[in-house]
Amino acid sequence: GVSCSTVCSSSQPPGRCQNDLLPFADSCTTLQAYFPCQAGCGHQLGPDLPAYVDDPAQLTNQQCLSSNLAVISTCAASHR
């Protein structure tokens, strides 16, 4: 996966990920506004959430994942 920091810095215009704002993105509704979430939403734990999984090798492929505990999330983490 790709970290939030990488995605934000490569966007046009370039942005910046802020760890303290990740809790605002950590919901299925918010993720569905920006990602297709073809396989729906799932809840997991980890510093790499929220995330959209685009990897056919993963059981969670095409799911939007949130934890509702984004206080442990970091902009540098990426989903594996």
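Is cysteine 64 buried or exposed, and what is its relative accessible area? In this predicted model, cysteine 64 is buried, with a relative accessible area of 1%. The paragraphs below begin with the chain as a whole, then turn to the sheet, the disulfides that involve this and other cysteines, and finally one aspartate in a loop.

The protein chain contains two helices and three strands, and, read from the N terminus on, its elements follow the order α-α-β-β-β. Its radius of gyration is 12 Å, close to the 12 Å that the globule rule gives for 80 residues, and the chain is therefore as compact as a globular protein of that length. Along the principal axes, the C-alpha trace spans about 30 × 25 × 20 Å. Buried residues account for 31% of the 80 residues, while the accessible surface of the chain comes to about 5,000 Å², with 56% of that surface belonging to carbon and sulfur atoms. When contacts between residues at least 6 apart in sequence are considered, 52% of them join residues at least 24 apart.

The three strands form an open sheet in the order E1-E3-E2, and the pairing within this sheet is mixed. Strand E1 (41–43) and strand E2 (51–52) are the edge strands, each of them pairing on one side only. Strands of a sheet pair through backbone hydrogen bonds, in either a parallel or an antiparallel sense. Here, E1 and strand E3 (residues 64–66) pair in the parallel sense over three bridges, and histidine 43 stands opposite serine 66 in E3.

The structure holds three disulfides, and if the bonded cysteines are numbered in sequence order, their pairing reads 1-6, 2-4, 3-5. Cysteine 17 and cysteine 75 form one of these bonds, with their sulfur atoms 2.1 Å apart; the angle about the S-S bond is -75°, and the link of cysteine 17 and cysteine 75 is left-handed. This pair links distant parts of the chain, since cysteine 17 lies in the loop between helix H1 (4–10) and helix H2 (28–32), whereas cysteine 75 lies in the segment after E3, 58 residues apart. Both cysteine 17 and cysteine 75 are buried.

A further disulfide is formed by cysteine 28 and cysteine 41, whose sulfur atoms are 1.8 Å apart, and with 65° about the S-S bond the link of these two cysteines is right-handed. Cysteine 28 lies in helix H2 and cysteine 41 in strand E1, so the pair ties together parts that are 13 residues apart in sequence. Cysteine 28 is partly exposed, with a relative accessible area of 23%, and cysteine 41 is likewise partly exposed, with a relative accessible area of 29%.

The cysteine of the opening question, cysteine 64, is joined by a disulfide to cysteine 37, with an S to S distance of 1.8 Å. The link of cysteine 37 and cysteine 64 has -70° about the S-S bond and is left-handed. Distant parts of the chain are linked by this pair: cysteine 37 is in the loop between H2 and E1, and cysteine 64 is in strand E3, 27 residues apart. At 6% relative accessibility, cysteine 37 counts as buried, and cysteine 64, as stated at the outset, is buried with a relative accessible area of 1%.

What of cysteine 4 and cysteine 8? The cysteine sulfur closest to that of cysteine 4 belongs to cysteine 17, at 4.4 Å, which is too far for a bond, and cysteine 4 is partly exposed, with a relative accessible area of 24%. Cysteine 8 is in no disulfide, and the cysteine sulfur nearest to its own, that of cysteine 17, is 4.9 Å away. Cysteine 8 is partly exposed, with a relative accessible area of 24%.

Aspartate 48 is placed in the loop between E1 and E2, and this residue is buried, with a relative accessible area of 17%. The side chain of aspartate 48 makes a polar contact with the side chain of histidine 79, at 2.7 Å. If residues up to four places away in sequence are not counted, aspartate 48 touches Ala77, Ser78, His79 and Arg80.

Notes: Residues are numbered from 1 along each chain as its sequence is written. This is a predicted model: local features need pLDDT of at least 70, side-chain atom pairs count only at pLDDT 80 or more; totals for chains, interfaces and linings use all residues. Side-chain values use heavy atoms; hydrogens and water are left out. Two strands pair if DSSP finds at least two bridges between them. Helices (H or I, at least four residues) and strands (E, at least two) are DSSP runs, numbered from the N terminus. The radius of gyration is taken over C-alpha atoms; the globule rule is 2.2 Å times the number of residues to the power 0.38. Buried means under 20% relative accessible area, exposed over 50%, partly exposed in between (1.4 Å probe, protein chains only). Contact means heavy atoms within 4.5 Å. Accessible areas come from the Shrake-Rupley method with a 1.4 Å probe; for residues, only the protein chains shown count as cover. A polar contact is a pair of N or O atoms within 3.5 Å; within protein, one must be able to donate a hydrogen and the other to accept it, and residues adjacent in sequence count only if both atoms are side-chain atoms. A disulfide is a pair of cysteine sulfur atoms within 2.5 Å.
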